[in-house]
Amino acid sequence: MLTSTYRAYLADLQFLSEQQERRRPRPKSNRSERVEPRALKTNDAAAYLGISPWKLRNLVQSSEISYISGEGTSPWLFDKQELDRWIESRKQKL
């Protein structure tokens, strides 16, 4: 009994190693790795501004920052240039 269990174990190991060798690496996308997205999701945009996502949502609802209607899991996208303009408009000098 012990010998047959060991042989089955070795066969399983052999099968798994063959399966792993057959796996092909995923093809890389055509997009260059250096390209940064211009539109950011809510959490990323909030981090970009240094505020919480809730604060960003409040700014959108008060029409201080505009958004892009997204699809799928992210209902709002934010343009980096718009975020930069908002930062510039909030700068103050003494």
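Tyr-6 sits in helix α1, residues 2-22. Helices here are DSSP runs of H or I with at least four residues, strands are E runs of at least two, and both are numbered from the N terminus. This is a predicted model, where local features need pLDDT of at least 70, side-chain atom pairs need 80 or more, and totals for chains, interfaces and linings use all residues. Residues are numbered from 1 along each chain as its sequence is written, and side-chain values use heavy atoms, without hydrogens or water.

Next, two helices. Helix α2 covers residues 42-49 and helix α3 covers residues 53-61. Their axes come within 8 Å and cross at roughly 95°. An axis is a line fitted to C-alpha atoms, for helices over the stretch in contact, and angles between N-to-C directions run from 0 to 180 degrees. α2 and α3 are therefore roughly perpendicular, a label for 65 to 115 degrees.

Who touches whom? From α2, Thr-42, Asn-43, Ala-45, Ala-46 and Leu-49 meet Pro-53, Leu-56 and Arg-57 of α3. Contact means heavy atoms within 4.5 Å.

Now charges. Side chains of opposite charge can pair when their charged atoms come close. A salt bridge puts a Lys or Arg side-chain nitrogen within 4 Å of an Asp or Glu carboxyl oxygen. The count is five salt bridges. One of them joins Arg-38 to Asp-79, with the closest N and O atoms 2.8 Å apart. Arg-38 lies in the loop between α1 and β1, Asp-79 in strand β3. They are 41 residues apart, so this pair links distant parts of the chain.

Conventions
Angles under 35 degrees count as roughly parallel, over 145 as roughly antiparallel, 65 to 115 as roughly perpendicular and the rest as oblique.
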